[in-house]
Amino acid sequence: MPNLYDVLISHKNKKDKKIFGLVVQGGGMRASYSAGALVTLLEYGFEETFDHVVGSSAGAMNAAYFLATDKDAAHIYTDDLSNKNFVNLLRSEKKVDVDYVVDMVLKHKRPIDISKLINTRSKLHVVLTNAKTGKKEVVSNHRQFAEIYEEFRATAAIPILYDKKIKVGNKEYVDGGVADLIPVDVAIRLGCTDIVVIMTQQIISYRFDRQHERLVKHLIRRFAKQQVDAVKKNLPTNKKVLKLNLRRISKPLKKTRVYLLEPSDEESLISLLTIDKDKVETFAKLGVEDMDKFLQAELPKV
């Protein structure tokens, strides 16, 4: 039986007419896992294998660094973000400082290679949430990536914890994960026949408990004062879209195959606000190791 490595090699060598998609989940510091997994894909030379690469929130940043063939991207989480410059719940504003990430880390410490992004055959799609309507918008035309850093800032603009609206073009946006946490639907809409999904949480962790949801909605009404009602309605994420995508992962549509990678070690899981460097590093390494095993594992019969 073939494994995922064989399937990707076949597509890389243009031996099939399939359309491959890669969906990268974010989730704050949990995105260290997807960053690590992408490092393994780079080690195997799969940076231009995917026709479409889709990411929301930190997943979009990881996706861009992957396409720019930057193998050091995972170090952003361990070396640059595992500190109170990024996460500090005692700050009155910007408890999660996305401006620090973009302006200090991404622009200066680890600038992305725009020339590689421009020349890659893969198409990058960044998921954003319209700050006025609360609806999902996907940026696929990046104008030669002139606004890519503002796209990063917008897709990671977490309501309540960062609570700013970011202008990209002539519109304002907030965190892409509000509208679409795991944008598998975007890859399907793009015509992808085979979709690799890198999740930063175990799929079993998504439970829809009414009592918990009521508590979350109460906190949102109290603290999300800078957001319009259309955005508040979807916080912390659009439940309807999330349920749809979880169903499409577990029960794909006909003529669509989904390959799911999720963290294998429950004890290594971290939260989106974890800044303990050792824990973040362990989680990133888990992504590296899980992807390696994922590529080599025998695929089940369809």
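**Buried charges, cores and strand pairing in a predicted model**

R110 and D80 are both buried, where buried means under 20% relative accessible area, exposed over 50%, and partly exposed in between (1.4 Å probe, protein chains only). The model is a predicted one, in which local features need pLDDT of at least 70 and side-chain atom pairs count only at pLDDT 80 or more, while totals for chains, interfaces and linings use all residues. Residues are numbered from 1 along each chain as its sequence is written, and side-chain values use heavy atoms, with hydrogens and water left out.

R110 and D80 form a salt bridge, with the closest N and O atoms 2.5 Å apart; a salt bridge is a side-chain nitrogen of Lys or Arg within 4 Å of a carboxyl oxygen of Asp or Glu. This pair links distant parts of the chain, 30 residues apart: R110 is in the loop between α5 and α6, and D80 is in helix α4 (residues 75-80). Helices (H or I, at least four residues) and strands (E, at least two) are DSSP runs, numbered from the N terminus. The count of salt bridges comes to 19.

A salt bridge also joins D103 to R153, with the closest N and O atoms 2.9 Å apart. D103 lies in helix α5 and R153 in helix α7, so the pair ties together parts that are 50 residues apart in sequence. D103 is partly exposed, at a relative accessible area of 27%, whereas R153 is buried at 7%. In helix α9 (residues 184-189), R189 and D185 lie 4 residues apart, about one turn of the helix, and their side chains meet in a salt bridge (3.5 Å, N to O). R189 counts as exposed at 58% relative accessibility, and D185 counts as buried at 4%. Salt bridges that share partners join K94, D97, D99, D103, K107, E150, R153 and K164 into one network.

The largest nonpolar core has 72 residues, and those with the most contacts inside it are L22, L41, L106 and F152. A nonpolar core is a set of buried Ala, Val, Leu, Ile, Met, Phe, Trp, Tyr and Cys residues joined through side-chain atoms within 4.5 Å. A second, separate core of 17 residues includes V54, I182, I188 and V197. Leaving aside residues up to four places away in sequence, L41 touches L8, L22, F46, F50, F66, M291 and L295, contact being heavy atoms within 4.5 Å.

Helix α3 (residues 58-67) is largely enclosed by the rest of the structure, because 10 of its 10 residues are buried. Just after α3, T69 takes a positive phi of about 55 degrees. The C-alpha atoms of Y65 and D113 are separated by 8.1 Å, although the two residues are 48 apart along the chain. D113 lies in the loop between α5 (98-109) and α6 (114-119) and is partly exposed, with a relative accessible area of 31%.

Strand β6 (residues 171-174) pairs in the antiparallel sense with strand β3 (residues 123-130) over 2 bridges; two strands pair if DSSP finds at least two bridges between them. The bridge partner of T129 is V174 in β6. Strand β5 (residues 166-168) and β6 are also antiparallel, over 3 bridges, and K167 stands opposite E172 in β6. The hairpin of β5 and β6 has 2 residues between the strands, and in it G169 takes a positive phi near 70 degrees.
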